[in-house]
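User: I have a model open on my screen and would like to learn how to read it. Could you take me through it feature by feature?

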Amino acid sequence: QVQLVESGGGLVQAGGSLRLSCAASGRTFSSYYVGWFRQAPGKEREFVARITWSGGGTYYADSVKDRFTISRDNAKNTVYVQMNSLKPEDTAVYYCAVSRVGGSTLSLYDYWGQGTQVTVSS
């Protein structure tokens, strides 16, 4: 069993930055893929970014390329997403999740956190 806890959300003005954290307990992220997803009010959950724990390879949705950076700290069993140049359309609840196989499809992720709210004002 894996427990994931997101933190770092809050209110920020357009153009500002936030850093979200995803802390894992119960099992290490080693040999897994860790993804970030988001869900805005009235919209379906969508893929944001993912990282391979071994090797550290990253992949981003087109909507966040060159603005968001995903990283990991293996000693802390924590994955981060640094979000810069935030836009109002980035407003959503952000979730981290763990997959055994990676990808950007929701069904490929087995464990999910409770989410953290990010609100970007214009």
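Analyst: Let's begin with a definition: a disulfide is a pair of cysteine sulfur atoms within 2.5 Å. A search of the whole structure with that rule finds one disulfide. Before we go on, note that this is a predicted model, so local features need pLDDT of at least 70, side-chain atom pairs count only at pLDDT 80 or more, and totals for chains, interfaces and linings use all residues. Residues are numbered from 1 along each chain as its sequence is written, and side-chain values use heavy atoms, with hydrogens and water left out.

User: Which cysteines form the disulfide, and how far apart are their sulfur atoms?

Analyst: The partners are C22 and C96, with sulfur atoms 2.0 Å apart. The angle about the S-S bond is 65°, and the link of C22 and C96 is right-handed. This pair links distant parts of the chain, with C22 in strand 3 and C96 in strand 9, 74 residues apart. The strand numbers come from DSSP runs counted from the N terminus: a strand is a run of E of at least two residues, and a helix is a run of H or I of at least four.

User: Is C22 buried or exposed?

Analyst: Here is the scale: buried means under 20% relative accessible area, exposed means over 50%, and partly exposed lies in between, using a 1.4 Å probe and protein chains only. C22 has 0% relative accessibility, so C22 counts as buried. C96 also comes out at 0% and counts as buried.

User: How many bridges join strand 7 to strand 8?

Analyst: Six, and the two strands run antiparallel. Look for S71, whose bridge partner in strand 8 is Y80. Strand 8 (residues 78–83) pairs with strand 3 over six bridges too, again in the antiparallel sense, and there L18 stands opposite M83. Strand 3 (residues 18–25) also pairs with strand 1, over five antiparallel bridges, with S7 opposite S21. As for burial, five of the six residues of strand 8 are buried.

User: What should I look for in the hairpin of strand 7 and strand 8?

Analyst: Look at the four residues between the strands, where N77 takes a positive phi near 50°. N77 is a residue other than glycine. D66 is another non-glycine with a positive phi, about 70°. You will find D66 in the loop between strand 6 and strand 7, exposed at a relative accessible area of 84%.

User: Which residues of the largest nonpolar core touch the most other members?

Analyst: A nonpolar core is a set of buried Ala, Val, Leu, Ile, Met, Phe, Trp, Tyr and Cys residues joined through side-chain atoms within 4.5 Å. The largest one here has 35 residues, and L4, W36, F68, M83 and Y94 touch the most other members. Among the strands that each supply at least two residues are strand 4 (33–39), strand 5 (46–52) and strand 11 (116–121). Strand 9 gives the largest share, five residues.

User: Where is R67 found, and is R67 buried or exposed?

Analyst: R67 sits in the loop between strand 6 (58–60) and strand 7, and is buried, with a relative accessible area of 9%. Taking contact as heavy atoms within 4.5 Å, and not counting residues up to four places away in sequence, R67 touches Q82, M83, N84, S85, L86, K87 and D90. A polar atom of the R67 side chain also lies 2.9 Å from the backbone oxygen of S63.

Key. Two strands pair if DSSP finds at least two bridges between them. A polar contact is a pair of N or O atoms within 3.5 Å; within protein, one must be able to donate a hydrogen and the other to accept it, and residues adjacent in sequence count only if both atoms are side-chain atoms.
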